[in-house]
Amino acid sequence: MRSGGEPANPGYIRDVLTEGYRYPDAGDHVTGVFIRRHEPYDGYWTASEDRALGKVAERLTAILGPRERVKALDAGCGEGRLLPWLARFAADVTAADPDPDRLAKARGTVVEDTEFSFAVSPITGLDGGPYDLVVCSHVIQHVPTPDVGPILRRLAGITAPGGVLVLAYSRSPIGQGAFSLDSVEAGDEVRSRRVSREEFDKALHDGGPALPVRHLDPVEIAADAAEAGWRTEWEWTYHVLDDLGPADEHIDRDELVNASGPLRRHLGRDLITLLRRA
C-alpha cells in the first residue's frame with residue numbers, strides 16, 4: 001500500500017480537478033509544421049532532443065539512487081511523451097497537466113515495474129512529494145509571464161533537498177528575450193508574429209487559434225531559478241536551426257555550438273538545464 005491507503009497498482013489514477021484549461025496548440029499542429037519547415041535535415045529535431053536527453057540521463061544516473069527509491073514528477077506532462085524516459089530513473093511517477101484531454105492520452109502510458117499517478121492541475125496547484133526528480137519540459141514558454149517565478153518556487157517547495165529539476169524551454173539569444181504568436185497560415189506555413197509582453201499575456205488569457213511562445217533569456221531564467229532556491233549545475237543548447245554556413249552538412253551542429261561560449265550565447269532554439277534544489 002502507498003501512504004494514505006492508496007493501492008500500489010501500476011496505472012493508479014489520482015485526479016485533481018481544475019477549470020477547463022486547454023493547451024492552445026491542439027494536436028501540436030503549429031509545432032509540427034514548424035519542425036517540418038525549419039529543421040536543417042529530416043530527423044534532426046528528434047535526434048537533437050534525444051542527444052540532449054541522453055546527456056541529462058548520464059548525469060541523473062550519477063546523482064540519483066536506485067530507481068525503486070526515486071519519486072518523480074512530470075510537471076506539465078502533456079500527452080506523456082517523456083513518461084517512459086522518466087520511468088528509467090523512478091519507479092513512482094506522478095504526471096500532472098492542466099489540460100484534461102492531453103492528460104487522458106498520458107494515462108495510456110504503461111512501463112513495467114512503474115507506478116503512475118495522474119493529476120489534472122496547474123503546476124502552481126501541485127502538492128505531494130517530496131520528489132527526488134522533477135521534469136518540466138517546454139511549459140514555461142507557454143505561461144503568463146508573472147507565473148514563471150511562482151512555478152519555479154512551487155517546484156522547489158515539493159522537491160526534496162538536493163533533488164533535481166530538469167527544465168527545458170524555448171530560448172532566445174542572451175539579452176534578447178522575445179514573444180510571438182505562432183499560427184499556421186494557408187499553404188501550411190507557420191506565421192510567427194512578434195508581440196509585446198502585454199500582448200503575449202493577453203493572448204494566453206483570451207485564448208485563440210495562435211500559439212503564444214515566449215523565447216526566454218537563459219540569464220533571466222537562471223536568476224529566477226536561483227531566487228526560487230535552485231542551483232544551476234549544467235545546461236545544453238539543442239535544436240540549432242541557424243544557418244551555420246558552407247560546412248553545415250559536415251559538422252555536428254549541437255556539439256559545435258555547445259563547445260563555444262560565444263555560439264552558445266546566441267544560437268539554438270531550445271535549452272535544457274539541470275538544476276539542484278539548494
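This is a predicted model: local features need pLDDT of at least 70, side-chain atom pairs count only at pLDDT 80 or more; totals for chains, interfaces and linings use all residues.
Biologist: Which residues of helix H1 are called buried, and what makes them so?

Modeller: In H1, residues 29-38, they are Val30, Gly32, Val33, Phe34 and Ile35. Buried means under 20% relative accessible area, so each of these five falls below that cut-off.

Biologist: What do the buried residues of H1 pack against?

Modeller: They pack against helix H2 (44-63) and against strands S6 (178-185), S7 (189-195) and S8 (211-215). Contact means heavy atoms within 4.5 Å, so each of these elements has heavy atoms within that distance of the buried residues of H1.

Biologist: How many residues line the largest pocket, and why do they count as lining?

Modeller: There are 46 residues in the lining of this pocket, whose volume is about 1300 Å³. Lining residues have an atom within 4 Å of a pocket point, so all 46 meet that condition. Closest to the centre are Tyr23, Arg102, Ser137, His138 and His142. H1, H2, helix H6 (197-206) and S8 each give two or more residues to the lining.

Biologist: Which residues are closest to the centre of the second largest pocket?

Modeller: They are Phe34, Arg171, Arg194, His215 and Arg269, from a lining of 19 residues. Arg counts as charged, so Arg171, Arg194 and Arg269 belong among the 5 charged residues of this lining. The pocket has a volume of about 340 Å³, and H1, S6 and S7 each supply at least two lining residues.

Key. Residues are numbered from 1 along each chain as its sequence is written. Side-chain values use heavy atoms; hydrogens and water are left out. Buried means under 20% relative accessible area, exposed over 50%, partly exposed in between (1.4 Å probe, protein chains only). Helices (H or I, at least four residues) and strands (E, at least two) are DSSP runs, numbered from the N terminus. On a 1 Å grid over the protein atoms alone, a cavity is a set of points where a 1.4 Å probe fits but cannot get out, and a pocket is an open set with protein on both sides within 12 Å along at least five of seven lines; lining residues have an atom within 4 Å of a point. Grid points are joined across faces, edges and corners, and a volume is the space filled by probe spheres set on the points.
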